[in-house]
Amino acid sequence: MPLPLLPGNSFNRNVGKEKFHKSQHWGFCNNVMMLVSEEKPGIGGEPLLGQKIKPKCTIYPQGDGSNVPSWVAFDKQVLSFDAYLEEEVPDKSQTNYRIRYYKIYYYPEDDTIQVNEPEVKNSGLPQGTSIQRHRITLPPPDEDQFYTVYHFNVGTEVVFYGRIFKIYDCDTFTRNFLRKLGVKVNPPVQRPEDPYIKIRREILDHVEPLRPYESLDTRKKFLQYHGKILRFFCLWDDSVSMLGDRRELILHYYLCDDTIEIKELLPDNSGRDLNKMFLRRSKLPKNGPTRVYQPGQITDRAVLNLYGNLKRNQEDGYLLDRYKLGKVDQEFYKDCDLSLGVTINVWGRKVLLYDCDEFTKSYYKSKYGIENFTSVSCKPPSPPPKIERKFPPYNGFGSEEDSLLNCIDLKPTPHQKNFKKFMEKHSYGSENSILRFLAKLDTEKYADLDRIFVISYYLADGTISVFEPTENNSGLTGGMFLKRSRVKKPGQRVFKRELPEYLKAEEFYIGITVNVNGYLFRLLNADEYTLKYMEQNVDKYPFSDLERSLQKVKQEESRSRELKQVFRAADCKHTKMVDYNTFRDIVMTFTHGNLSEQESLTIARHYRVPEETRPDGDFLLALAQEKFKKNFFENFDRLIYACGYEDREKKNVLPTKDIKRLCKSFRLPLTNDLLESLLSRFENSEKQIDYKSFFSTLDWRKNPMPELQAQEYLKERCEDVWLGMSSPIPAKNIDYLTFLKDTFGLEEE
């Protein structure tokens, strides 16, 4: 009776087995069929009889630690062991063996090992990398396995290619790493001393050289401190001497050869030479200046005698003085002598060190342990009280400024004007920087009551000129009333020590009476540029401040309804605006004279109704052709050709900006305002211009326009004529409703 197929009742080992594959022992390497491995398992992946499966890359069991690869987990981690090797010496005249010290580096990421031998001076052995980094097999009979981390410990021996390395210590990281793996790390073992090195050290300590000459090799110090410089900020106070002053210096101390270099900080316009070198680089003696030594007296070595040609094969040589008789001892400044607050002797000049840079602080902190680097205060002493110079009074010859310069210098120079103010306020472009006022004489003479004057104030130099326009059959000559000059304020003494005060631009505004050399002028009006200038500079002209002017009107807020009824009564046609004279009279009466003429004019200018002043097209063309004639400009055909080249689609039209650009490139003698006005006349709804029609119309040869008739001015042309004199009425109509709304918040009913 057969037994049931149950566990324990059958001797067939294949019961329950699912894998029956056979391992592949042959494969291809570089397209060549060859035996891949002899360590493949048997059928189903089970090892054969007597076969041991070696680990692939690591000895760490799977499942311990993170799942990242070993080359990531142990990246840049190295175990360092200190070991020594006892090596037999073939020549046993001095020692029987040598002790050589090594560093064993184990890399956990791939179980590779590297062995390095530190270099020992005058060892006579090739040192450096002894075994390059790779996996090292165990000694026989386990040569089929490799060294792992568990083979290394303090006090153990490892055999690399037949050489026995004895480990006597390891670093802290290696010790902690092995402890985490569960390895008990042995305590450090004392390493033996190399007998050859010991014998060499004893010989060098007891043997004196045959030639006891001093070694002057400074290469070590040079290589160690090359490029490292200490920097101190210094002060040489030479103010006690005649024509002396305080000199700012920078001291550079070169650590490689103990030399000092001093440079001078020259301020701008100091009057000194551009050479900033105060002391060239050299050693600085402490007791300088010293006496003058003879040539050859200061030397590092003293030669007693020369010898040569005594024997046939003997080289020439010299004999030095080993006792240094007659040597001159000089004491130079070292880095230990320099610190903050110390005064050093620089060839007889006392230089104070009051500060240093960060590198110098770190150097002294690491070498000498100095912690306090508080800079020394070296402020200059307070200057003595300045003695006020008293000048004699003005004597009447020349101007006051020229007479004052005669008292200041033996060689008087012309009075220097304010050049910065001159360049800022000088006339350029459309802004002339001249304030022009319309004025009348404030006099009781009947013949002078109707005389009109133009007062011009030049902002560039503060000069004033007065011009009287010429009127026919007036009985007055007219013309230049006062030549351009500075005008003094009235009421000053003529012969005094101080310079006189002159009229300033802030003292000119509408409604004031100005005294010009005894003539009283009442300012009635000003041109557009003057009014804009005063409104833009309300800090100098407070009467042109709109907010301040409206504030004075708001003081009568209780009578705002009455003011509105007065404006309505004056506006008979209900146009919501009144003329300037009516507006001025109403506002001045309403404020009981608290408003000045300038303030009422400022309010009227702000609420004035804009007027359309578009010039006639024929007038613009006539004006443009007149400018073309004066400048002999006739390149209209070339302009049309250039426009045709730009017109790729041959539509005979171009954008306005392109026409303007071509006019600029051909340098048409027209101003920007005139050119834009002409372009706007010929522009269509699509912002394009028919360039043939435009330039043909401007051609003064083919299509001439009637010549302009010269306007008859009431004043003659001269260098100070005010051609742009506006009407005494600054604005034609005033919008009183907007004025009432902004001032009192009154709306239209």
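Strand β9 (residues 229-237) and strand β10 run antiparallel and are joined by nine bridges, where helices (H or I, at least four residues) and strands (E, at least two) are DSSP runs numbered from the N terminus, and where two strands pair if DSSP finds at least two bridges between them. Within this pairing, R231 has H252 of β10 as its bridge partner. The model is a predicted one, in which local features need pLDDT of at least 70 and side-chain atom pairs count only at pLDDT 80 or more, whereas totals for chains, interfaces and linings use all residues. Residues are numbered from 1 along each chain as its sequence is written, and side-chain values use heavy atoms, with hydrogens and water left out.

On its other pairing, β10 is joined by seven bridges to strand β11 (residues 259-265), again in the antiparallel sense, and E248 stands opposite L265 of β11. The two strands form a hairpin with four residues between them, and in the turn D258 has a positive phi of about 60°. Strand β10 (residues 246-254) is largely enclosed by the rest of the structure, because seven of its nine residues are buried; here buried means under 20% relative accessible area, exposed over 50%, and partly exposed in between, with a 1.4 Å probe and protein chains only.

Strand β19 (residues 463-468) is mostly covered, six of its six residues being buried. In a regular strand the side chains alternate between the two faces of the sheet. In β19 both faces are covered, with T463, S465 and F467 buried on one side and I464, V466 and E468 buried on the other. Strand β18 (residues 452-458) pairs with β19 in the antiparallel sense over five bridges, and Y458 stands opposite T463. The hairpin of β18 and β19 has four residues between the strands, and G462 takes a positive phi near 75° there. Strand β20 (residues 479-485) is joined to β19 by four bridges and runs antiparallel to it, with E468 standing opposite G479.

G462 also belongs to the lining of the largest pocket, where K421, A460, D461, G462 and R486 lie nearest the centre among 28 lining residues. Rolling a probe the size of a water molecule over the atoms shows where empty space is left. In this analysis, on a 1 Å grid over the protein atoms alone, a pocket is an open set of points where a 1.4 Å probe fits, with protein on both sides within 12 Å along at least five of seven lines, and lining residues have an atom within 4 Å of a point. The largest pocket holds about 680 Å³ of space, the volume being the space filled by probe spheres set on grid points that are joined across faces, edges and corners. Helices α6 (400-408) and α7 (419-425) each supply at least two residues of the lining, and the largest share, four residues, comes from α7. The lining divides into eleven nonpolar, six polar and eleven charged residues, where Ala, Val, Leu, Ile, Met, Phe, Trp, Tyr, Cys and Pro count as nonpolar, Asp, Glu, Lys and Arg as charged, and the others, Gly among them, as polar.

Several residues were also examined individually. L524, in strand β22 (residues 519-526), counts as partly exposed at 37% relative accessibility. Leaving aside neighbours within four places in sequence, L524 is in contact (heavy atoms within 4.5 Å) with L438, A439, K440 and I510. The C-alpha atoms of L524 and F453, 71 residues apart in sequence, are 10.0 Å apart in space. I298, in the loop between β12 (277-282) and β13 (303-307), is partly exposed with a relative accessible area of 42%, and its contacts beyond four places in sequence are with Y293 and Q330.

Backbone geometry was considered in three further loops. K76, in the loop between α1 (70-73) and β3 (79-88), has a positive phi of about 60° although it is not a glycine, and K76 is exposed, with a relative accessible area of 78%. Y161, in the loop between β7 and β8 (163-170), likewise has a positive phi, of about 55°, without being a glycine, and its relative accessible area of 55% makes Y161 exposed. The peptide bond from P140 to P141 is cis, with omega near 5°, and P141 lies in the loop between β6 (128-134) and β7 (157-160).
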